[in-house]
Amino acid sequence: MTPTVAVPDYTTDEFFGLEDRWLPTADGELTHYHELGTSTPILFLHGSGTGVTAAANWWLNLPELSRHGRCIAIDSIGYGQTVVADGTAYGIKEWVRHAVRVLDALGIEKTWIVGNSLGGWLAFQFALDFPERLLGVVSMGTGGAKLTGALAGHSNPVLTEEGIRKTLEMFVVDTSLVTDELVALRYRAALNDTASDRLAEVVAARDRDRYELPLDFDALAHLDIPVLLIHGVQDVVIPVSRTWDLLNVVPNADACIFSQCGHWSQVERAVEFNEIVGNCLTRHADAR
């Protein structure tokens with residue numbers, strides 16, 4: 001597809017160690033993403049926290065998991081540096097369709113999806129809407145659950161560095177992981193989110209669809225792909241009961257529950273996370 005908009009003058013901070021890529025995915029739409037590795041496609045979908053980006057969700061995972069496949073981590077529409085067309089709508093179905101457009105633009109027929117929070121919700125909705133495009137799902141702290149106090153806080157974020165710090169500290173048990181540098185990077189990204197009032201739009205769409213388009217558990221009961229659910233016991237954003245609910249419905253789901261871990265399992269338990277996900281990918285690749 002020929003680009004219809006100019007590539008922004010932007011470089012991901014060297015803190016994350018990831019190179020920028022840009023992909024025309026629709027008229028007036030330019031998707032920002034990172035890619036490492038080859039072979040089996042693995043699409044990474046981030047969560048919905050203030051200032052979230054693909055880099056800020058996956059920087060500790062992509063280098064290691066790229067040993068197992070072609071890792072593609074995107075900024076979903078409405079987030080990060082992805083350029084959207086005028087009048088772009090947001091919501092669970094629209095974020096899934098954007099993921100499909102990315103796959104189509106890259107010529108990818110089938111993929112794994114690794115999703116965090118909102119990204120996990122999207123992964124399951126993708127599985128329901130486009131089952132023929134999926135090899136399997138890995139979901140951490142799967143979104144779409146009933147509104148918690150922590151989630152309500154995300155709906156009305158305090159856009160200061162201290163506000164960002166408090167949000168990130170809700171994600172982890174070990175708050176030493178929330179460094180000054182990481183807070184500053186997320187704050188700068190949050191300012192980008194609000195430059196065009198995107199943050200309010202995407203949060204409103206997410207919370208609307210929590211009630212209007214919840215995951216169809218009856219349909220998930222017929223899901224015929226491998227699924228790995230990961231959750232931290234101390235997750236105050238999405239209670240661990242969300243994983244138990246899914247585990248009791250999805251036929252081929254396994255679960256890994258981390259102790260002393262919050263909502264950010266891919267960061268707080270990065271070494272173990274990468275090992276467990278890598279083993280899952282290898283096992284199912286061998287089975288194929």
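Start at G107. Just after α3, this residue takes a positive phi of about 70°. A word on labels: helices (H or I, at least four residues) and strands (E, at least two) are DSSP runs, numbered from the N terminus.

Some ground rules. This is a predicted model, where local features need pLDDT of at least 70, side-chain atom pairs count only at pLDDT 80 or more, and totals for chains, interfaces and linings use all residues. Residues are numbered from 1 along each chain as its sequence is written, and side-chain values use heavy atoms, with hydrogens and water left out.

Back to α3. The expected span of a helix is 1.5 Å times one less than its number of residues. Buried residues in α3 are I92, W95, V96, H98, A99, V100, V102, L103 and L106. Buried means under 20% relative accessible area, exposed over 50%, partly exposed in between, with a 1.4 Å probe and protein chains only.

Next, α4. Helix α4 covers residues 118-129, so 12 residues, and reaches 16 Å between its first and last C-alpha, close to the 16 Å expected at 1.5 Å a residue. Of those 12 residues, 10 are buried. Among them are W121, L122, F124 and F126.

Then α8. Its 15 residues should span 21 Å at 1.5 Å a residue, and its end C-alpha atoms are 21 Å apart, which agrees. Its buried residues include L199, V202 and V203, and also the charged-class names R198, R206, D207, D209 and R210.

Now the core. A nonpolar core is a set of buried Ala, Val, Leu, Ile, Met, Phe, Trp, Tyr and Cys residues joined through side-chain atoms within 4.5 Å. The largest has 42 residues, and L43, W95, F124, F126, L223 and V227 touch the most other members. At least two residues each come from β3 (41-45), β4 (70-74), α3 (92-106), α4, β6 (134-140), α8 (198-212) and β7 (227-232). Which element gives the most to this core? That is α3, with 8 residues.

Take L43. Not counting residues up to four places away in sequence, L43 touches I72, I74, A99, L103, T111, W112, I113 and V114. Contact means heavy atoms within 4.5 Å. Apart from this core lies another, of 41 residues, including L18, A54, L182 and I238.

On to the largest pocket. Its volume is about 240 Å³. The search runs on a 1 Å grid over the protein atoms alone; a pocket is an open set with protein on both sides within 12 Å along at least five of seven lines, and lining residues have an atom within 4 Å of a point. Of its 18 lining residues, Y10, F16, L185, R188 and A189 are the closest to the centre. Two or more lining residues come from each of β2 (29-36), α1 (54-58) and α7 (180-194). The most come from α7, with 5 residues. By class, the lining has 6 nonpolar, 9 polar and 3 charged residues.

G87 lies between β4 and α3. Is G87 buried or exposed? Exposed, with a relative accessible area of 75%. H263 sits in the loop between β8 (253-258) and α11 (265-268). At 4% relative accessibility, H263 counts as buried. Beyond its neighbours within four places in sequence, H263 is in contact with N116, S117, G141, F171, D235, V237 and I238.

Terms used: 1 Å grid on protein atoms, 1.4 Å probe; cavity = no way out; pocket = protein on both sides within 12 Å on 5 of 7 lines; lining within 4 Å. Points joined across faces, edges and corners; volume = space filled by probe spheres on them.
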